[in-house]
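Please keep the sequence and the three-dimensional view at hand while reading.

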Amino acid sequence: MQSNVSFFDLLEQVRGLTAKAKMVYLLLHYAEQEQRDLSGQDAMANELELSSDSVNRGLKELRAHGLVTWKNRGLTLPSIYQIVRHPDDDQASSSEEPKS
């Protein structure tokens with residue numbers, strides 16, 4: 001889990017994506033940090049005040065760029081979404097010196 005990632009570092013990771021994809025990515029990141037359950041597109045749509053279709057398009061865009069993955073849990077349970085961590089992400093955040 002990344003704990004010292006700034007808002008602007010997160011935006012850099014999703015540069016060039018649509019605003020909806022960025023919103024979904026930021027929501028997933030902060031939900032992970034706060035250990036909040038946001039499984040299911042309806043829960044994300046409710047938090048972002050977007051339609052489920054908009055969240056779905058954002059998730060598909062993020063997955064196409066290798067930033068998000070999810071696990072389908074069947075027809076009656078919502079899917080679980082997770083930000084994809086790349087090994088160099090953790091090294092970059094841990095090698096940075098604290099800013100004063």
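Which side chain meets that of glutamate 47 in a salt bridge? The partner is arginine 36, with a distance of 3.0 Å from N to O. The coordinates examined here come from a predicted model.

## Overall architecture

The protein chain contains five helices and two strands. Of the 100 residues in the protein chain, 31% are buried.

The contacts also show how the chain folds back on itself. Among contacts in the protein chain with a separation of 6 or more, 47% are between residues 24 or more positions apart.

## The two salt bridges

Two salt bridges are present in the structure. The one between glutamate 47 and arginine 36 links distant parts of the chain: glutamate 47 belongs to helix H3, arginine 36 to the loop between H2 and H3, and the two are eleven residues apart. Glutamate 47 is partly exposed, at 38% relative accessibility. Arginine 36 is likewise partly exposed, with a relative accessible area of 48%.

The other salt bridge joins glutamate 12 and arginine 15, whose closest N and O atoms are 3.0 Å apart. Is each of these residues buried, partly exposed or exposed? Glutamate 12 has a relative accessible area of 46% and is partly exposed. Arginine 15, at 60% relative accessibility, counts as exposed.

Helix H3 spans residues 41-48, and its buried residues are Met44, Ala45 and Leu48. Why do these residues line one face of the helix? Viewed down the axis of H3, the buried residues fall within an arc of 100°, so they line one face.

The face turned away from the buried side of H3 carries the exposed residues Asp42 and Asn46. On the buried side, the cover includes helix H2 (19-33), helix H4 (52-64) and strand E2 (80-83). Just after H3, glutamate 49 adopts a positive phi of about 55°.

## How H2 and H3 meet

Two packed helices are described by the angle between their axes and the distance between the axes. For H2 and H3, the axes come within 11 Å and cross at roughly 105°. On the H2 side, the contact is made by Met23, Val24, Leu27 and Leu28. On the H3 side, the contributing residues are Met44, Glu47 and Leu48. Two of these have already been described: Met44 and Leu48 are buried residues of H3.

Methionine 23 lies in helix H2 and is partly exposed, with a relative accessible area of 33%. Leaving aside neighbours within four places in sequence, methionine 23 is in contact with Leu48 and Leu50. Methionine 23 can also be compared in position with valine 55: the two are 32 residues apart in sequence, while their C-alpha atoms are 8.8 Å apart in space.

## Two loop residues around strand E2

Serine 79 is found in the loop between strand E1 (68-71) and E2. Is serine 79 buried or exposed? Its relative accessibility is 12%, so serine 79 counts as buried, since buried means under 20%. The side chain of serine 79 makes a polar contact with the side chain of asparagine 72, at 2.7 Å. When neighbours within four places in sequence are set aside, serine 79 is in contact with Ser39, Gly40, Trp70, Lys71 and Asn72.

Valine 84 is placed in the loop between E2 and helix H5 (87-95). At 24% relative accessibility, valine 84 counts as partly exposed. Which residues does valine 84 touch, not counting those up to four places away in sequence? They are Gly66, Leu67, Val68 and Thr69. Valine 84 and tryptophan 70 are 14 residues apart along the chain, and their C-alpha atoms are separated by 9.6 Å.

Key:
Residues numbered from 1 in each chain as written. Predicted model: local features only at pLDDT ≥ 70, side-chain atom pairs only at ≥ 80, totals over all residues. Heavy atoms only, no water. Buried < 20%, exposed > 50% of the residue type's maximum accessible area, 1.4 Å probe, protein only. Helix = DSSP H or I, 4+ residues; strand = E, 2+ residues; numbered from the N terminus. Arc of directions from axis to C-beta. Contact = heavy atoms within 4.5 Å. Salt bridge = Lys/Arg side-chain N within 4 Å of Asp/Glu carboxyl O. Polar contact = N/O pair within 3.5 Å; in protein donor to acceptor, adjacent residues only side chain to side chain. Axes fitted to C-alpha atoms, helices over the stretch in contact; angles between N-to-C directions.
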